[in-house]
Amino acid sequence: MKPATATINGNALRHNIELIKSLAPHSKVCAVVKANAYGQGISRVIHNLADKVDAFGVARIKEALTIQESGYGGKILLLEGFFDREELLKTLSRRFDTVIHSLEQLELLEEAGREWQTEQAKGFWQRKAKIYFPINIWLKIDTGMHRLGIHPEQVPEFYQRLQACPLVESIQFVSHFSRADEPDCGYTEKQIATFETATAPYSAQKSISASSGILYWQQAHYDWVRPGVIMHGISPHSRPITDLGFKPVMTLSSSLIAVRTHKAGEPVGYGGAWVSEKDTKIGVVAIGYGDGYPRNTPEGTPVLINGRKVPIVGRVSMDMMTVDLGAESHDKVGDEVILWGEDLLIEEVAAAIGVINYELITKLTPRVITEYQD
Ligand SMILES: *Cc1c(COP(=O)(O)O)cnc(C)c1O
């Protein structure tokens with residue numbers, strides 16, 4: 001009998017990446033694999049995609065180091081750049097590509113560049129048993145997200161200062177959409193226009209589209225696209241994307257560890273939060289918030305048992321949850337329970353719980369067993 005298990009389908013992952021490439025045929029692909037590849041397991045995702053994509057994108061330097069140490073020798077992009085001098089030095093020695101989104105980062109790079117120039121001759125950097133290399137910079141422009149990035153009017157100054165820095169190999173432009181999943185809101189057109197105006201004087205490569213941009217903004221695919229969640233067959237918003245041809249990569253499943261007869265009027269679980277109105281059978285499933293299934297899940301959220309949807313009842317606890325199987329049910333101990341997958345889409349579960357898909361997959365805990373199918 002299997003406890004909470006995430007089964008990752010390599011075939012579906014490879015299918016999805018080919019679909020993304022066909023949607024953005026003129027763009028290179030920077031596959032975003034932050035947060036343990038969206039909870040799907042970074043090493044297997046890298047293994048499946050290494051020869052199919054042009055770069056991997058991450059949010060933390062630790063993630064970049066993990067990818068490089070797994071043997072991948074290609075391009076790795078730090079999407080938020082280095083956070084301090086120590087990370088910058090690692091970035092330079094490991095030859096990671098990095099975003100620069102702030103003056104603080106630019107100044108650190110300039111300072112390192114000056115040291116590099118003056119100390120290089122004396123062999124100082126080499127003496128420290130480290131070798132530093134010029135790197136590729138992705139200058140981040142705030143086109144309307146207003147989270148990270150320099151203002152469009154700062155582009156000329158940043159560009160010129162980067163060009164003057166000896167540790168800069170090349171300069172690319174990058175930005176991020178805030179409402180690309182709302183095709184009719186009018187905001188994305190403005191972001192695209194701002195991006196184009198700010199970058200027009202330069203021949204540098206450009207990137208702005210993540211998953212929603214890839215699906216809905218053909219005109220904004222530019223030189224590089226940066227897919228994250230859609231690689232896993234999961235929607236960047238609440239509407240499923242299986243009708244676009246994407247295949248869910250993860251099936252989260254567990255097992256029934258008890259089936260109990262239950263009388264009308266009896267409560268179930270902590271706080272007695274749910275009381276059955278009629279005689280029924282309660283199934284106990286070996287998965288809980290200790291595995292990453294949200295504790296605040298409302299009653300009625302579906303799970304799939306023997307091909308039918310049954311509702312969660314009572315509070316989700318750390319190791320278990322309870323479901324109402326119905327008086328006439330024939331489910332038995334050991335039967336598989338699917339929390340999400342091909343036949344119960346994560347979009348339906350996320351909507352019932354009131355969270356986004358991204359949150360469900362990235363919050364799974366290390367206790368969940370991960371299995372891979374090719
Ligand atoms: C996370 C992230 C992505 C991928 O986003 P998805 O919506 O999962 O495709 C792309 N670019 C940046 C800068 C990101 O932080």
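On a 1 Å grid over the protein atoms alone, a cavity is a set of points where a 1.4 Å probe fits but cannot get out, whereas a pocket is an open set with protein on both sides within 12 Å along at least five of seven lines. By this rule, three cavities of 30 Å³ or more are counted, a volume being the space filled by probe spheres set on the points, which are joined across faces, edges and corners. The model is predicted, so that local features need pLDDT of at least 70 and side-chain atom pairs count only at pLDDT 80 or more, while totals for chains, interfaces and linings use all residues. Residues are numbered from 1 along each chain as its sequence is written, and side-chain values use heavy atoms, with hydrogens and water left out.

The largest cavity has a volume of about 70 Å³, and its lining (residues with an atom within 4 Å of a point) includes H232, W340 and E347. The second largest cavity, of about 50 Å³, has K140, D142 and H176 among its lining residues.

The ligand sits in the largest pocket, in the sense that more than half of its atoms lie within 2 Å of the grid points of that pocket. Polar contacts are pairs of N or O atoms within 3.5 Å; a polar side-chain atom of Y38 lies 2.5 Å from an oxygen atom of the ligand, and one of Y358 lies 2.7 Å from a ligand oxygen atom.

Note on methods:
Polar contact = N/O pair within 3.5 Å; in protein donor to acceptor, adjacent residues only side chain to side chain.
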